[in-house]
Amino acid sequence: MMDVPFVDLKTQHARLLPEISQRLQAILSAAQFVGGSEVSGFEEEFAAFCSARACAGVASGTEALTLALLALGLSSGDEVITVPNTFIATTEAISRAGGTFRFVDCHPETFTLDPGQIERALTDRVVGIVPIHLYGHPADMDPIVDVSQRHGLWVLEDAAQAHGAAYKGRRCGSIGMMGCFSFYPGKNLGACGEAGAVVSNETELVEKVRVLRDHGQAEKHVHLAEGYNGRLDAMQAAILRIKLRHLEEWNERRRWAAAAYRDRLGSVPEISLPVEAPYARAVYHLYVIRTDERDRLRDRLSAKGIGSGLHYPIPLHLQPAYGDRGFHRGEFPEVERLAAQGLSLPMHPELTEPQIDYVAEAIGAFFGHRLS
Ligand SMILES: *Cc1c(COP(=O)(O)O)cnc(C)c1O
């Protein structure tokens, strides 16, 4: 039996260990743990990577979303349009920033916010739209930005799963008014702890995030308003700088793995594979197939030593946390179908061809096919 982990950070870190430990030792000796040159260096490098004018490092992806929404001026009574097939951090941030959310259904093939649904969800309280570049596949930004401009709304990209993804050649995160990233360990670019970032071409908005993340201080001892303890620390920044140099190569590796899965699984009629829209360069944070036999297939894979995941089996509108909001089952059919059928296969830059063959054979055998 072959072991195919869902993600493999141990292998990734083993290769980088000498470089990482050297940097961490230097930081320990300098005792510069919060802010400093590692943080500002990472911010410059990540802004350049995203083709954005500015970047502010923050404590997590959730913090990035919250502080970006506050910088955009979200306040009590404001509504934000987003989808229910995302991690709850997206809606938590909207609530924590004082707003409320209105859900729309996702596109049936890319699972990102369906631009055709926006207009009928508009109210006079809606101030912005938060598309998610889910699983590393860009949302269809042109029509989203188009609607936003016609109605005077801002667009904030949740790019927590899309470091390096591109929409018509433009990097995700730099297309809307602001873009938010998470560097949670398992993301395409992951810290060794919690970290996140906000990027934007509007430097004043990024400046606002810098003030908010540091207790409302624009300069030491002067608090313009109450803020947050939401900073990025130097050790995470140093690790992210080292890993950022490998991100392109890792994303290419993910794209290669996705193509290898497609090649082997394309002939299995019982499953649907992820598609890449003509406008998209996806970076496959996750590789999510769909099948009516999801739970039984997952058990079979597990018995064969193959890790898998669910993203996300209970959509946000059906979560107990939002049980008092008047949502009902059947309201967002595409989102609900994905929640019932989606199965995330192993996907990471360290996947080998024999591992992909083994996963594909196990899936084929489950449905009674011999793949060769
Ligand atoms: C991971 C993730 C977040 C939250 O990031 P954290 O760093 O864990 O706070 C937000 N949105 C999406 C879509 C994510 O995948």
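What volume does the largest cavity have? In this predicted model, the largest cavity has a volume of about 130 Å³, and the count of cavities of 30 Å³ or more comes to two. The lining of the largest cavity is made up of 13 residues, of which Tyr-135, His-137, Pro-274, Val-275 and Tyr-284 are the closest to its centre. Sorted by class, this lining has ten nonpolar residues, two polar residues and one charged residue.

The largest pocket holds about 500 Å³ of space. Its lining consists of 27 residues, and those closest to the centre of the pocket are Phe-87, Ser-182, Tyr-184, Lys-187 and Tyr-312. Among the elements of secondary structure, the helices α3 and α4 and the strand β8, which spans residues 178-182, each contribute at least two residues to the lining of this pocket. By class, the lining of the largest pocket divides into 13 nonpolar, eleven polar and three charged residues.

The ligand is located in this largest pocket, where it is surrounded by 15 residues, the closest being Gly-61, Thr-62, Gln-161, Ser-182 and Lys-187. Two helices, α3 (61-71) and α4 (89-96), each supply at least two residues of the shell around the ligand, and the largest share, three residues, comes from α3. The shell comprises six nonpolar, seven polar and two charged residues.

Contacts between polar atoms of the ligand and protein side chains were examined next. On the side of the ligand oxygen atoms, a polar side-chain atom of Ser-182 lies 2.6 Å from an oxygen atom of the ligand, while an N or O atom in the side chain of Lys-187 is 3.0 Å from a ligand oxygen atom. A nitrogen atom of the ligand, in turn, is found 2.9 Å from an N or O atom in the side chain of Asp-158.

Terms used
Residues numbered from 1 in each chain as written. Predicted model: local features only at pLDDT ≥ 70, side-chain atom pairs only at ≥ 80, totals over all residues. Heavy atoms only, no water. Near = heavy atom within 4 Å. Polar contact = N/O pair within 3.5 Å; in protein donor to acceptor, adjacent residues only side chain to side chain. 1 Å grid on protein atoms, 1.4 Å probe; cavity = no way out; pocket = protein on both sides within 12 Å on 5 of 7 lines; lining within 4 Å. Sits in = over half its atoms within 2 Å of the grid points. Helix = DSSP H or I, 4+ residues; strand = E, 2+ residues; numbered from the N terminus. Nonpolar A, V, L, I, M, F, W, Y, C, P; charged D, E, K, R; others polar. Points joined across faces, edges and corners; volume = space filled by probe spheres on them.
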